[in-house]
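Please examine the sequence and the model shown here.

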Amino acid sequence: MSTRTNSTRMLAGADGVAIATETRGPDGPDGPPIIATTGWANDRSVWTPMVDDLSVDHAVTTWDLRGHGASAAAPPDEYTRAHALGDLAAVLDLAGRPAVLMGHSLGGFLSLAHAVDHPEDVAGLVLVATGPGFRKVEAREQWNESVRAAAAGMDLPPGVEEISMHHDAHVIDHLAEVQVPVLVLLGERDTRFAASAALFQRDLDVHESVVVADMGHMVHVKAPAECAAAVRRFMAGLAGG
């Protein structure tokens, strides 16, 4: 019987900010590790039901974004996309490369951004209720204003809203350059991200697109068994070539 890993660890992320991680699963599993990145204003515990399932036969590392969960807060001007991607790179250093990057909402966007900039690190992408950003300045500003408004009602560190904002079209402009296999997961009622799922079907190598009935934006929390089953099929497909 194989030994199993269940460890928590603090890593030094970008500019030395302490990033909380947890790794679960068998030691030396077949296939690439999975790194699960949360959406904005969530912590890694949202992945627990899925990880309970997937870690039976896959190594899964979850982590908290800076200023979230058990990770340290950063100075107000250190919540840029570059800082978040630096933190993700530190998690990859721990989990191993290439990895399957699984992300919800902002976490999916960050996973896509890393795949654009460092394709050699990525064996596959699991995009859960995710968008690729915006080409139009007006759309970006509308999004950013909605984030500012939401942050005003939350108990979050100063400046942390910046991690969820968009200031360029880098990811969406380079989307078609991402060549790795992709799984798309979406809740049927998450209409805000339905257009993104269609764009992924056009521009990415989508192996399966799963729309879970009667579910909204937190589909991975509300329907973990269906989401985990889809991820397991996807991982099996990677192993089979």
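Leaving aside residues up to four places away in sequence, Asp 87 touches Gly 13, Ala 14, Ile 19, Trp 63 and Arg 66, where contact means heavy atoms within 4.5 Å. Asp 87 lies in helix H2; helices (H or I, at least four residues) and strands (E, at least two) are DSSP runs, numbered from the N terminus. With a relative accessible area of 1%, Asp 87 is buried. Here buried means under 20% relative accessible area, exposed over 50%, and partly exposed in between (1.4 Å probe, protein chains only).

The model is predicted, and local features need pLDDT of at least 70, side-chain atom pairs count only at pLDDT 80 or more, while totals for chains, interfaces and linings use all residues. Residues are numbered from 1 along each chain as its sequence is written, and side-chain values use heavy atoms, with hydrogens and water left out.

Side chains of opposite charge can pair when their charged atoms come close. The structure holds 13 salt bridges, each being a side-chain nitrogen of Lys or Arg within 4 Å of a carboxyl oxygen of Asp or Glu. One of them joins the side chains of Asp 87 and Arg 66 (2.7 Å, N to O). Because Asp 87 belongs to helix H2 and Arg 66 to the loop between E4 and H2, this pair ties together parts that are 21 residues apart in sequence. Both Asp 87 and Arg 66 are buried.

A salt bridge also links the side chains of Arg 81 and Asp 168 (3.0 Å, N to O). Arg 81 lies in helix H2 and Asp 168 in the loop between H4 and H5, so parts that are 87 residues apart in sequence are tied together. Arg 81 counts as buried at 18% relative accessibility, whereas Asp 168, at 34%, counts as partly exposed. The side chains of Asp 121 and Arg 97 meet in a further salt bridge (3.0 Å, N to O). This pair ties together parts that are 24 residues apart in sequence, because Asp 121 lies in the loop between H3 and E6 and Arg 97 in the loop between H2 and E5. Asp 121 is buried, with a relative accessible area of 7%, and Arg 97 is partly exposed, with 38%.

Which charged residue is buried yet has no salt bridge? It is Glu 78, whose nearest side chain of opposite charge, Arg 66, is 4.2 Å away; Lys and Arg count as positive and Asp and Glu as negative, while His and the chain ends are not counted. Glu 78 lies in the loop between strand E4 (60-63) and H2. Leaving aside neighbours within four places in sequence, Glu 78 is in contact with Asp 15, Val 17, Arg 66 and His 83.

The backbone also deserves attention. Most residues other than glycine have a negative phi, and most peptide bonds are trans. A cis peptide bond, with omega about -10 degrees, joins Arg 97 and Pro 98. Pro 98 is found in the loop between helix H2 (81-95) and strand E5 (99-104). Ser 105, although not a glycine, has a positive phi of about 55 degrees, and its place is in the loop between E5 and helix H3 (106-117). Ser 105 counts as buried because its relative accessibility is 14%.

Helix H3 is largely enclosed by the rest of the structure, because 11 of its 12 residues are buried. The buried residues of H3 pack against strand E3 (34-37), H2, E5, E6, helix H5 (170-173) and helix H6 (194-203).

A nonpolar core is a set of buried Ala, Val, Leu, Ile, Met, Phe, Trp, Tyr and Cys residues joined through side-chain atoms within 4.5 Å. Of the 47 residues in the largest nonpolar core, Ile 35, Leu 112, Leu 125, Phe 200 and Leu 204 touch the most other members. H2, E5, H3, E6, H4, H5, E7 and H6 each supply at least two residues of this core. Its largest share, seven residues, comes from H3. Apart from this core lies another, of 25 residues, among them Ala 36, Met 102, Val 219 and Ala 230.
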